[in-house]
Amino acid sequence: MFAFTPAFEAPTGSPIRELFKYLAQPGMISFAGGYPATDLFDREGLDAAAARASQQTTACLQYGPTDGLAVLKDQLASLMTRRGTPCAAQDLLVTTGSQQGFDLLLRVMVAAGDVVLVEQPAYPATLQALKLQGADVVTLPVDHDGLDVATLAALLDAGTLPRVPKLLYTVPTFANPTGATLSLERRKALLELAARYRFLIVEDDPYGDLRFDGAALPSLLALSDQVPGSRDWVVHFSSLSKIVAPGLRVGWMIAHAEILRRCVVAKQTVDLCSSPWTQAIAAEYLAQGSLERHLPRIVDAYARKCRALCDALETQMPEHVAFHRPAGGMFVWARLKSDENAADYLRACIEKNVMFVPGAAFYKDKVDPAALRLSFAAPGVEEIEVGVGRMGAAMG
Ligand SMILES: Cc1ncc(COP(=O)(O)O)c(C=O)c1O
């Protein structure tokens, strides 16, 4: 009846959100969502920040600048500097979650048919955004050290891609869904390839601060200063969603000034500006040093939860699942050793009141039907142990 655009004639919604209906099942233990733990939100710090923000009536109740409130941009630039990437407020655009940043970038950079490289398995919202944009998505394999950069190099050197890629999307630190972190050598090699073949690396980094094991690695953005010619080819996204609260919807992007300027124009038509109210709260929260004070509590809790999940899988289901312990983030990527279809197994699990996301949601092609993603962030340690017990029982 209606004349929709081709991309929206028969769109498919998020496969993860489809699972949400089961969350209402009484007693359900969920390893499914990538939601932070509600009890780890810094209510006190955020309430104090909100009280201070509300004093600034004009700044936070009026429309704000499209590129973000100056006070927040200053705080985010300091946060990036503390993370090892010195950056100035003007290098950065505040977005309504980092999800919006990716959408803006696609509007500005990617036309239908453009080749975009994506690590696989990948964050489903990225795959969905690329599909809606009509990009020609080429998937690249990953292993425990993240994106297989050697395979990418071979592909580029052989010139077998349909066109020169416009951009490559990666979550190099504690990836969603695999939990993998790109090694230092691969980071350097990837930057060299971007400089040589002139494609943008989109570094999506919502989880980098959630490290509970091992030493921190420099972000691709930070490292780009050491790899000649690569700095202009990195677009960096980050977010307060996983380290403060997703309800703020505060993300940001850092990119070459020519890209940023165009993203600001795109944002003008999308939402005029991100909510000045939550931006002001975020700015106050950061200015008071609350993130530094609270983050160790979150990281410590996730370390315990991750250990609980991995230990329980190892002790209760050793013959059923294989997985790799992540050093941070929110996710354990696992595989059913039987090669059984994880979607069938999920149905049995839902009957036992436990759920996860079957791996198929994270693939564009070459699906591994036996893969599954378990998030340890939201449930408590005891729930995690009970949940894995139920998963074991669902094996029959
Ligand atoms: C890899 C990745 N990128 C981006 C996002 C979205 O973050 P935001 O809340 O900042 O939009 C998520 C959320 O789960 C994510 O896992």
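In what order do the eight strands of the open sheet with mixed pairing run?

**Figure 1. The eight-stranded sheet.** The order is β2-β9-β8-β7-β6-β3-β4-β5 in this open sheet, and the pairing is mixed. Two strands count as paired if DSSP finds at least two bridges between them. Strands (E, at least two residues) and helices (H or I, at least four) are DSSP runs, numbered from the N terminus. The model is predicted: local features need pLDDT of at least 70, side-chain atom pairs count only at pLDDT 80 or more, and totals for chains, interfaces and linings use all residues. Residue numbers start from 1 along each chain as its sequence is written.

Figure 2. The edge strands are β2 (92–96) and β5 (146–147), and each pairs on one side only. Strand β4 (residues 136–143) runs antiparallel to β5, and two bridges join them. V142 stands opposite L147 in β5.

**Figure 3. The shell around the ligand.** The ligand is surrounded by 13 residues. G97, S98, Q99, S239 and S241 are the closest. A residue is near a molecule or strand if its C-beta atom, placed from the backbone, lies within 6 Å of it. Helix α4 (residues 97–109) gives the most to this shell, with three residues. By class, the shell holds eight polar, four nonpolar and one charged residues. Nonpolar here covers Ala, Val, Leu, Ile, Met, Phe, Trp, Tyr, Cys and Pro; charged covers Asp, Glu, Lys and Arg; the others, Gly among them, are polar.

**Figure 4. Helix α4 against helix α5.** Two packed helices are described by the angle between their axes and the distance between the axes. The axes of α4 and α5 (residues 124–133) come within 11 Å and cross at roughly 25 degrees. Axes are lines fitted to C-alpha atoms, for helices over the stretch in contact; angles run from 0 to 180 degrees between N-to-C directions. The two helices are therefore roughly parallel to each other. Angles under 35 degrees count as roughly parallel, over 145 as roughly antiparallel, 65 to 115 as roughly perpendicular and the rest as oblique. Q99, F102, D103 and L106 in α4 meet A125, T126, A129 and Q133 in α5. The residues of this contact divide into four nonpolar, three polar and one charged. Contact means that two C-beta atoms, placed from the backbone, lie within 7 Å.

**Figure 5. Helix α5 on the sheet.** α5 lies across β3 (115–120), β4 and β6 (167–170). The helix runs at about 160 degrees to β3.

Figure 6. Most residues other than glycine have a negative phi, and most peptide bonds are trans. The peptide bond from Q120 to P121 is cis, with omega near 5 degrees. P121 sits in the loop between β3 and α5. Another cis peptide bond joins N176 and P177, with omega about 20 degrees. P177 belongs to the loop between β6 and α7 (184–197). R249, a residue other than glycine, has a positive phi near 55 degrees. R249 is found in the loop between β8 (234–239) and β9 (250–254).

**Figure 7. The four-stranded sheet.** This open sheet has the order β10-β11-β14-β13, with antiparallel pairing. Its edge strands, β10 (321–323) and β13 (357–358), each pair on one side only. β13 and β14 (residues 371–375) pair over two bridges. P358 has L372 in β14 as its bridge partner. Helix α11 (residues 290–316) lies across β10, β11 (331–336) and β14, at about 15 degrees to β11.
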